[in-house]
Amino acid sequence: MPVSISQPGVEILAPVTEGYAGILAPAAVGFLADLHRTFNARRKQLLVARHDRQQRLDAGERPDFLPDTRPIRESEWTGAPIPGDILNRRVEITGPVDRKMIINALNSGAKVFMADFEDSSTPLWTNLLDGHINLHNAIRREITYTDPSTGKHYKLVDQPAVLFIRPRGWHLEERHVLVDGEPISGSIFDFGLYFFHNARELLNRGSGPYFYLPKLESHLEARLWNDIFIRAQEALEIPRGSIRATVLIETILATFEMDEILYELREHSAGLNCGRWDYIFSYIKKFSADPKAVLPDRAQVTMATHFMRSYSRLAIKTCHRRNVHAMGGMSAYIPVKSDPAANEKAITQVQADKEREAGDGHDGTWVAHPGLVPVALEIFNRLMPAPNQISKQLPDYHPTAADLLQVPDGQITEGGLKQNVAVGLGYVEAWLRGIGCVPLFNLMEDAATAEISRAQLWQWVHHGAKLNDGRVIDVALVESLIDAELARQQSLVDSLRFAAYQKAAGLMRELIRAPHFVEFLTVPAYERVLKEETFAAT
C-alpha cells in the first residue's frame, strides 16, 4: 500500500510502498531537499559551463594545464591522512546494487566493493530504492538472499570488503522526486539518502562514508562536491572529514586538473582512479567535431597507447605527491566457464593489465567479476608487498598536453564496426529492461563501454571514416548492420527482449543520425524508461 511522505515543497512521483517508507522518511527527504535548495543552482551553472566549454572545443580550442591554478600545482601540500580501513585497497570489485551482487562482491575477497548507482545500474525507481535498502542491510550485517531458482542461501562473511558508493553524475536528474517543482539531482539523491541513513553507523563500525565521484570535468565540480560534504556533515553532526571520496579521472578535461581536484577535496580525498572506458568515450565526445581525432577500433585503444599510458602515469605522479591513492582501472574481460580457450585468453589479458598497473605504481585496481579477484590479488601481492605504493614517486615524469592528447594509431575494421553495433544494441536493450551491467562477447559491458560503441559509430559516420578495406562508413552501412543484428537477435531471444532490441535500435539510429553529438546516451534512454515506468505504475 502506498505511503504518503509529507515534506513542504517536495513531491514524489512514484509509489512509496511500506518497504520504501523507511528510506524515504520525512527527515531523510527534508535532508535531500536542503541539499537540493542549497546546491542545485550551482550544479546547473556548472552544466552550462560544460556546454560553453564544448562549444569552444568544437571551434578548435584544445585543453591544457590551467595557468591560473599553477600555484596549486607547484606548491607543496597533501591530502588528509588516509583512514586505516582503506590504506590497503589493492583489489576493488564493482557492480550494481542488487541484493545478490552486493553479498557476492562483499564476500569476494576484494579489499573494497564499489556499489554502483551509476554506469552499471538503470535508474528505475525500484532499482534505486531497493539498492538503498540492500546497502542499509549490508552495513548492519543483516543482508541475506535466497535464490528462488536454486534455493541457494547467501549471507555475509565475517570480514567483508570495505564499502564505497558511486552516485550518479552531475548531468543526471532523479525525475521521480521534485523539490519546489524541479527534479532533484541524481547525484544529491544517491549521495544524500546513503549518507543520511548510514554515515553514523559506518563510523560506529570503524569505517566511514566513502564515495566514488564520476565524470567530473573540472576542479570547480570537485569544489561543489566538497561543499556538499561539509554541509551534509554539519547537518547531521558528523565529524568534518569523515567523508572520503575517490574521484574517477574519466574525462579528458579532468586530466589537466588532477592536482586542483585533489586540492579542492583535500580534507575528504581518497585519491583518484583511472576510469579508462569513460575516458576513451570522453576523448571521442570532447573532440567529436575534429576529423583528426578519429579513433581506431575500441579493441586497439588500450592502456598501452601513448595518450592512455601518459594519463595513467600522470595520475600516479599526482596522487603520490599528495599522499593519496592512485587506483588503476578495470579490464573488461571476465571468466568464460564454458570455453577453456576463451577463459585462458581472458585471464592472460587481465594478468597483463594488472602487471602493468602494479609495475607502474598504482595502489590497486578494479575487477568486474569475483573470479578475477584472486588473479589481481596475486599480482598486487607479489609486486606491492606494502599496503600501497604512495612512496613510489615519479618526480622526473613531465607529460605535456601533446602527450595526453595524442591520437593513437590503428585501423577501423569491419569486425570493429559490427562489434560496436552489437554491443551498443545489446547493452541498451538490457538497460531499457532495467539491467545496467551485462556480459557481451566475454566482456563486461556497462554504460561507459556502450558509450564508446555508439560514440565511435557517430564519429566514424560523421567524419566519413574508412574501413581498412577502403569502404566509407556511412549511415546506410551502419543501418544495414543494425538491421542484420536485429534479425540475428530475433531468432535468439524471446518476444519481450526483442521488443527491447527494437527500442534500442530506434535509440541507436537516433543517436547516430544526430547532427551534433548527443552528450550521454543514458539521458534519452532515461526518458524512455520513465514512460514505461509511468505506464506500469498507473
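**Figure 1. Trp458 and Phe517, two buried residues of the predicted model.** In this predicted model, both Trp458 and Phe517 are buried. For Phe517 the relative accessibility is 13%, and the residue counts as buried because the limit for that word is under 20%. The rings of Trp458 and Phe517 form an edge-to-face aromatic pair, with 5.5 Å from centre to centre and 90 degrees between the planes. This pair links distant parts of the chain, since Trp458 belongs to helix α15 (residues 447-462) while Phe517 sits in the loop between α17 and α18, 59 residues apart.

**Figure 2. Aromatic pairs, with Phe281 and Phe517 as one of them.** Across the whole structure, a search finds 24 aromatic pairs. In the pair made by Phe281 and Phe517, the ring centres are 6.2 Å apart and the planes meet at 45 degrees, so this pair is described as tilted. Phe281 is part of helix α9 (residues 276-286), and Phe517 is in the loop between α17 (495-513) and α18 (522-537), so the pair ties together parts that are 236 residues apart in sequence. Phe281 has a relative accessibility of 1% and therefore counts as buried.

Figure 3. When neighbours within four places in sequence are left aside, Glu451 is in contact with Phe281, Glu519, Phe520, Leu521 and Thr522.

Figure 4. Apart from residues up to four places away in sequence, His171 touches Leu47, Arg50, Lys215, Phe520, Thr522 and Val523. Phe520 and Thr522 are also among the residues in contact with Glu451.

**Figure 5. Pro123 and the residues around it.** Pro123 has its place in the loop between β3 (112-116) and α5 (125-139), where the residue is buried with a relative accessible area of 9%. Not counting residues up to four places away in sequence, Pro123 touches Leu128, Arg168, His176, Trp431 and Tyr526.

**Figure 6. A cluster of aromatic rings.** Phe31, Trp170, Phe191, Tyr194, Phe195, Phe196, Phe211, Trp225 and Phe229 are linked into a cluster by ring pairs.

**Figure 7. The whole protein, as a setting for the close-up views.** The secondary structure comes to 18 helices and 15 strands, and 60% of the 538 residues count as buried. A compact globule with this number of residues would have a radius of gyration near 24 Å, and the 22 Å of the protein agrees with that value. Along the principal axes, the C-alpha atoms fill a box of roughly 65 × 60 × 50 Å. Among the contacts with a separation of 6 or more, 77% are accounted for by residues 24 or more positions apart. The protein exposes about 20,900 Å², of which carbon and sulfur atoms supply 53%. There are 58 positive and 67 negative side chains, and the centres of these two sets lie 2 Å apart.

Terms used:
Residues are numbered from 1 along each chain as its sequence is written. This is a predicted model: local features need pLDDT of at least 70, side-chain atom pairs count only at pLDDT 80 or more; totals for chains, interfaces and linings use all residues. Side-chain values use heavy atoms; hydrogens and water are left out. Helices (H or I, at least four residues) and strands (E, at least two) are DSSP runs, numbered from the N terminus. The radius of gyration is taken over C-alpha atoms; the globule rule is 2.2 Å times the number of residues to the power 0.38. Buried means under 20% relative accessible area, exposed over 50%, partly exposed in between (1.4 Å probe, protein chains only). Contact means heavy atoms within 4.5 Å. Accessible areas come from the Shrake-Rupley method with a 1.4 Å probe; for residues, only the protein chains shown count as cover. Lys and Arg count as positive and Asp and Glu as negative; His and the chain ends are not counted. The place of a charge is taken as NZ of Lys, CZ of Arg, CG of Asp or CD of Glu. Rings of Phe, Tyr and Trp (its six-membered ring) pair if their centres lie within 6.5 Å; planes under 30 degrees apart count as stacked, over 60 as edge-to-face and the rest as tilted.
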